[in-house]
Amino acid sequence: MAGTDAWMTRWAAADAARCLRRPTAADDKYSRGVVGLRTGSDAYPGAAVLGVQAAWRTGVGMVRYLGPAGATALVLARRPETVTADGRVQAWVIGSGTDAAARTAGEAAVLAGILAGDMPVVADAGALDLVIGAAAPLVVTPHAGEHARLRALLGLGPAADRAASARSTAAALGAAVLLKGAETVIATPAGWSAVVDAGPPWLATAGTGDVLAGVLGALVAGRWAQRPGTVEDLGPVAATAAWLHGRAAVLAAAQAGHGQAGGAQIGGPITALDVADALPRAVAAILAG
Ligand SMILES: NC(=O)C1=CN([C@@H]2O[C@H](COP(=O)(O)OP(=O)(O)OC[C@H]3O[C@@H](n4cnc5c(N)ncnc54)[C@H](O)[C@@H]3O)[C@@H](O)[C@H]2O)[C@@H](O)CC1
Ligand SMILES: Nc1ncnc2c1ncn2[C@@H]1O[C@H](COP(=O)(O)OP(=O)(O)O)[C@@H](O)[C@H]1O
């Protein structure tokens, strides 16, 4: 497809399998990873539910959710397993369902602390204006509009194509970049990059990006719980998150299309929550080999 380099790694099931781990008898909830989400707002409470549901359904030891009272109530109504007390995490997800213009000074200070810390951070949507200069291992997950705004903040001009654009953003930011689209491009600061078939066009529906952020947070927490890494390790994990998200969308669309085999051209309409709910089948299929 136009906008990506033919030589780039195209992430496939075998690549995703290397980034997933089946829990063992030696595991406990902490060894499987704890992901914390500071997402959702009074304007967009649903984004909190979507990210939390996606994180649980990707498979993680614990999900902490910290957000406004209304969003917290919705999260607990959908997923009472969610822990709403602050505490240790192995990865943060910030920004989904938030608006930078509506951020309080208190929330800005908390997010600045997270970005200055040593736990990895997935930054989406309303947190993307805060990421420049972050010390934490960071992966940003912009769509095209958000990416253009981020590049403007970094003082970057136009690039030759989407892949080059993601790579130069990653280099300038010192963070991994997951640039969403029908083909999702992932790049790291050292120049590693991959392209992932994002899934069927049915995915172009509100909230699927919030789901993807939850998937990625869960995978990063699981990875860091086993073995803390660097920003370069976030690239393959991000590609795997995009791959799983796309595969879950294929499965959900196939189910919506009354069981037709899933593919880009067939299936029926899906919602973001349908994608989150199909994640266990996508994970199980990968782990089954
Ligand atoms: N149920 C919910 O609570 C939902 C909350 N959401 C949240 O809503 C907030 C606003 O996100 P939006 O993405 O709608 O708006 P944004 O304010 O990020 O940007 C929308 C603008 O970017 C432009 N744009 C260019 N390329 C685009 C692309 N590929 N996709 C989307 N916009 C593109 C659009 O034309 C538009 O002018 C975010 O915090 C997001 O997380 C959305 O995820 C939808 C679902
Ligand atoms: N035409 C398309 N085909 C396949 N996937 C798409 C298409 N358009 C968008 N997507 C995917 O849908 C998701 C949309 O994310 P995003 O724009 O952040 O939505 P939201 O903010 O509503 O959650 C991303 O994973 C993106 O890769």
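## Exercises: two ligands and their shells

Let's start with ligand 2: helix α7 gives the most to its shell, with four residues. Keep in mind that this is a predicted model. The protein chain has a mean pLDDT of 95, and 94% of its residues reach 70 or more. The model's scores are ipTM 0.97 and pTM 0.96.

### Exercise 1
Find out which residues come nearest to ligand 2, and sort its shell by class.

**Solution**
- Step 1: Look around ligand 2, and you'll find 17 residues.
- Step 2: Pick out the nearest of these, which are H143, A182, L203, A204 and G209.
- Step 3: Now sort the shell around ligand 2 by class: seven residues are nonpolar, eight are polar and two are charged.

### Exercise 2
Work out which elements build the shell around ligand 1, and which one has the largest share.

**Solution**
- Step 1: Ligand 1 has 16 residues around it, and the closest are Y44, G46, A47, A125 and G145.
- Step 2: Two or more residues of this shell come from each of α2 (45-58), α5 (144-154) and α7 (208-226).
- Step 3: Helix α5 takes the largest share around ligand 1, giving three residues.
- Step 4: By class, the shell around ligand 1 splits into nine polar, five nonpolar and two charged residues.

### Exercise 3

**Solution**
- Step 1: See who A47 touches beyond four places in sequence: T39, G40, S96, G97, G207 and D210.

### Exercise 4

**Solution**
- Step 1: G97 lies in a loop, the one between β4 (91-94) and α4 (105-115).
- Step 2: There are 26 other C-beta atoms within 10 Å of G97, so this residue is buried.
- Step 3: Skip the neighbours within four places in sequence, and the contacts of G97 are T39, G40, S41, Y44, G46, A47, A48, A125 and D210.
- Step 4: Tie this back to ligand 1. Y44, G46, A47 and A125, which G97 contacts, are among the residues closest to that ligand.

Note on methods:
Residues are numbered from 1 along each chain as its sequence is written. Chains are lettered from A and ligands numbered from 1 in the order in which they are written. This is a predicted model: local features need pLDDT of at least 70, side-chain atom pairs count only at pLDDT 80 or more; totals for chains, interfaces and linings use all residues. A residue is near a molecule or strand if its C-beta atom, placed from the backbone, lies within 6 Å of it. Ala, Val, Leu, Ile, Met, Phe, Trp, Tyr, Cys and Pro count as nonpolar, Asp, Glu, Lys and Arg as charged, and the others, Gly among them, as polar. Two residues are in contact if their C-beta atoms, placed from the backbone, lie within 7 Å. A residue is buried if 20 or more other C-beta atoms lie within 10 Å of its own, exposed if 12 or fewer, and partly exposed in between; C-beta atoms are placed from the backbone. pLDDT is the predictor's confidence in each residue, from 0 to 100.
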